[in-house]
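Student: Could you walk me through a structure with me asking as we go? I would like to begin with aromatic rings and then move to other topics.

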Amino acid sequence: MRNDVRLLGRLLGQVLQDAGGEELLHDVERLRELAIRSHDDPGSQAFTEAEDLVAGFDLDRAEQVARAFTCYFHLANLAEEYHRVRVLHERESSLAPHELAPDDSLPAAYRQLSQEIGEDAARERLQGLEFRPVFTAHPTEARRRAVARAIRRIAELVAERDTLHPGGTSLVENERRLLAEIDTLWRTSPLRAAKPTVIDEVNTVLSIVDATLADVLPLVYRRLDDWLLDGDAGTTAPKVAPFARLGTWIGGDRDGNPNVTAEITRAAAVLASEHALDGLTTSARRTADGLTLDAGGTPPSADLTALWQRQRALTDTITQRVAAEAPNEPHRRALLVVVERLQATRRRDADLAYSGPEELEAELRVVQESLVAAGARRAAYGDLQHLLWQLQTFGFHLTELEIRQHSQVHASALADIEAKGVDGDLDPQTVEVLDTFRALGAVQARFGVAAARRYIVSFTQSSEHLAAVYRLAALAFGGAEHAPVIDAIPLFETFADLEASVDILEEAVQHPRVQERLAQNGRQVEVMLGYSDSSKDVGPVSATLALDTAQRKIAEWAARHDIVLTLFHGRGGSLGRGGGPANRAVLAQPPGSVDGRFKLTEQGEVIFARYGDPDIATRHIEQVAAATLLADAPSVASRNDKAAAKFADLAHRLNVASRERFHGLVRSEGFPAWFAEVTPLEELGLLPIGSRPARRGLSVSSLDDLRAIPWVFSWSQARINLAGWFGLGTALEAVGDVEELRTAYAEWPLFSTMIDNVEMSLAKTDERIAERYLALGHREDLSQMILEEMALTRKWVLATTDSTAVLSRRRILGRAVMLRSPYVDALSLLQLRALRALRTGEGTDQAEAGQSEDVRRLLLLTVNGIAAGLQNTG
């Protein structure tokens, strides 16, 4: 990996020299050297010299230098990502056939579960396993798609070098192409000209599904099935039921996003279906091309012959052509007609189109069973099984579109209808609410109930907020009997809502429509938990503990009512929004709260990081699925239960002390306005990285006006990361007993996960940089409170983990962060220069005084670079 980074850095230097001459390269190298020296020797004058160097750049040079460091981070990131793939390949190649993979793999999890509860019970749990990632368009992916595509092309060329012979002309050609692609990356503007539309965001995620997940998910099933079946793999019916289902909020999440309309919701569903049908068509054609089995050796079954006759009755023209193309190949012949029917479904050709995925699956089963009967078992359970897994996973809708709206919007709409009547001159917002339900009905009518039935209610604070969904649906369709199938899902976000969650659910399940759905769906209930708003409400420590308590109580409530519960975790990508390693988080959940089902939001840059590369996506899905399978194993459940009881008093002390400290900061007079001064909050609202507004109001007079994403993103950019750790240091000091804390760290998974996440967050902070951001607000009291808490948190985290330095126990990760930090510092100094100029005019000469737009552009460029350097944003 170091060799890859050195190579890419050298080639970037050549590109910089070609583009800007020796002077540009010299300025970049000088700043890089000073930043590294200031890290290696904090007592030197290097940091001050770096500040002076940055202050001396004219705006054009400052922008070029910012772009150079941003390009470097893109290149370093792709080298690290590819090295992860390289390591995965090496690990796989070292395993003997059917040997168990690492401890966090699905086979290992299944074996452990079997040992604990027996083979039959483990098999039953495996069949009920569910993993539901839900893609959201939260604006934290700061890269343009053009930049992302350039990075992907460079990554492919880096991977190519592993297969080339050293010293050959092929390496020379590879380096030439690398130079060309890095030059393209350098010359591609890192900033979008305009905000992406919602449909742009839909297409971005669909491209990920097309490129990786369409094939990765069947591959995950295949890998586990191969291990389970051992020598019979590929010759008998699979033992693995497809356990992954994709969801999306993009095009459905209208909470605070006026750009998501009923029309957009319909368009998003159509786009997703087109991608699903295109993917199935491609797989069906590939499968058909491989089924060149002659009828003499592989005779068709009576059912396959009957299927062919039905196909002929549908379209004599196509079947004649297919018969000529595949003479005496009955299985291939049937699949070629399947291809034609899939294309007709895409075109909405009623004569040939499938009525739904169930009809297609029935035809594929006929082909598969005919192959088995004829003895062609490997053909039956090869590519054809891959196609069946794709169909079972994605259907004709690809991703389930989930609707989300704020409870107060529903309340306002009902009040408007009550005052004016459903046919009256309703407010535009009320009309849009009713149109949303009609769009939901239209999506179900065209693509089936599985395409869209979940309706999330933000800020659910009473059972009436869920009842409002069913009332509005009935009003939109002239009666409940005509309304679409809807599962109203509460989203508990604030600390108070989490505490009241069970009382709200207890009332909600008495509602007639909820009772009706319970009878229809096998008593399944879904509850969503908001990580980010609860953290912004009471601080990260109290939010973590409150979420754990809420999950425990909700799981107990569900058990009392014989309800099959799915908890939906609104975890963001960054630590301040509940992010971190998902598999560790699953294994730290309270007993009974997972029960083989894990659903979470995947947002922004996390979507690309986890699902952009097929190998990394496979590894991530297997890890999370393995943790989901193991979460309720007796050993795991017992450990978590005993730890919760043993450390209940410790949890209470941490909760009280951390919340008091957090409120002491955020409830200080003038804090919201000061926060906007000392971070690039206002400027982030100008960055065209998402269709959704950054805040609910026009100004930040209260933290309630501010969305959790820019709250986290802004602190991250200022190298403070406050949202991920503030209050923990005070809480740990209030406990004061190092041995008690170390025991908790060793025995209590929830606590150890929180401490490790905070340690990572602290590793990406920098006191010297933070001091300069905080000084922009001229509130010494608030600045000191933050810096003291940062130092205190670092001190107590190191004591709790018995470490000498942050991340010292995680050598590879710690070194990666340490090597990046000086480069991020360089970009932070450039951002500070721009931010200082915009806030105070300081640091600008007369020529720059009238160039506020150029200064703002410099700041926004540094936002991209710092996000790339830290590798987590909002």
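Student: What should I know before we start?

Tutor: This is a predicted model, in which local features need pLDDT of at least 70, side-chain atom pairs count only at pLDDT 80 or more, and totals for chains, interfaces and linings use all residues. Residues are numbered from 1 along each chain as its sequence is written, and side-chain values use heavy atoms, with hydrogens and water left out.

Student: How many aromatic pairs are there by the rule?

Tutor: The count comes to 21 aromatic pairs. Rings of Phe, Tyr and Trp (its six-membered ring) pair if their centres lie within 6.5 Å; planes under 30 degrees apart count as stacked, over 60 as edge-to-face and the rest as tilted. One of the pairs is Tyr221 with Trp389, which is edge-to-face, with 5.8 Å centre to centre and 70° between the planes.

Student: Where in the chain are Tyr221 and Trp389?

Tutor: Tyr221 is in helix H8 (residues 198–229) and Trp389 is in helix H15 (residues 383–394), so the pair links distant parts of the chain, 168 residues apart. Helices (H or I, at least four residues) and strands (E, at least two) are DSSP runs, numbered from the N terminus.

Student: Is Tyr221 buried or exposed?

Tutor: Tyr221 is buried, with a relative accessible area of 0%. Trp389 is buried as well, at 1%. Buried means under 20% relative accessible area, exposed over 50%, and partly exposed in between (1.4 Å probe, protein chains only).

Student: Which kind of pair do Phe437 and Tyr455 form?

Tutor: Phe437 and Tyr455 form a stacked pair, with 5.0 Å centre to centre and 5° between the planes. Phe437 lies in helix H17 (residues 428–447) and Tyr455 in strand S5 (residues 454–458), so the pair ties together parts that are 18 residues apart in sequence. Both residues are buried.

Student: Which residues form one aromatic cluster?

Tutor: That cluster is made up of Phe671, Trp674, Phe675, Trp711 and Trp715.

Student: Now to charges. Which ring does the charged end of Arg341 sit over?

Tutor: The charged end of Arg341 sits over the ring of Tyr354, 4.0 Å from its centre. A charge sits over a ring if NZ of Lys or CZ of Arg is within 6 Å of the ring centre and within 35 degrees of the ring normal. Lys599 lies over the face of Phe568, at 4.3 Å from the ring centre.

Student: Another topic: what is Arg768 in contact with?

Tutor: Leaving aside neighbours within four places in sequence, Arg768 is in contact with Ser38, His39, Pro42 and Phe47. Contact means heavy atoms within 4.5 Å. Arg768 and Pro42 are 726 residues apart along the chain, and their C-alpha atoms are separated by 9.8 Å. Arg768 is found in helix H35 (residues 767–774) and is partly exposed, with a relative accessible area of 21%.

Student: Last one: why is strand S6 largely enclosed by the rest of the structure?

Tutor: Six of the six residues of strand S6 (residues 487–492) are buried, so S6 is largely enclosed. Both faces are covered, with Asp487, Ile489 and Leu491 on one side and Ala488, Pro490 and Phe492 on the other.

Student: Which way do S5 and S6 pair, parallel or antiparallel?

Tutor: S5 and S6 pair in the parallel sense over four bridges. Two strands pair if DSSP finds at least two bridges between them. The bridge partner of Ile456 in S6 is Ile489.
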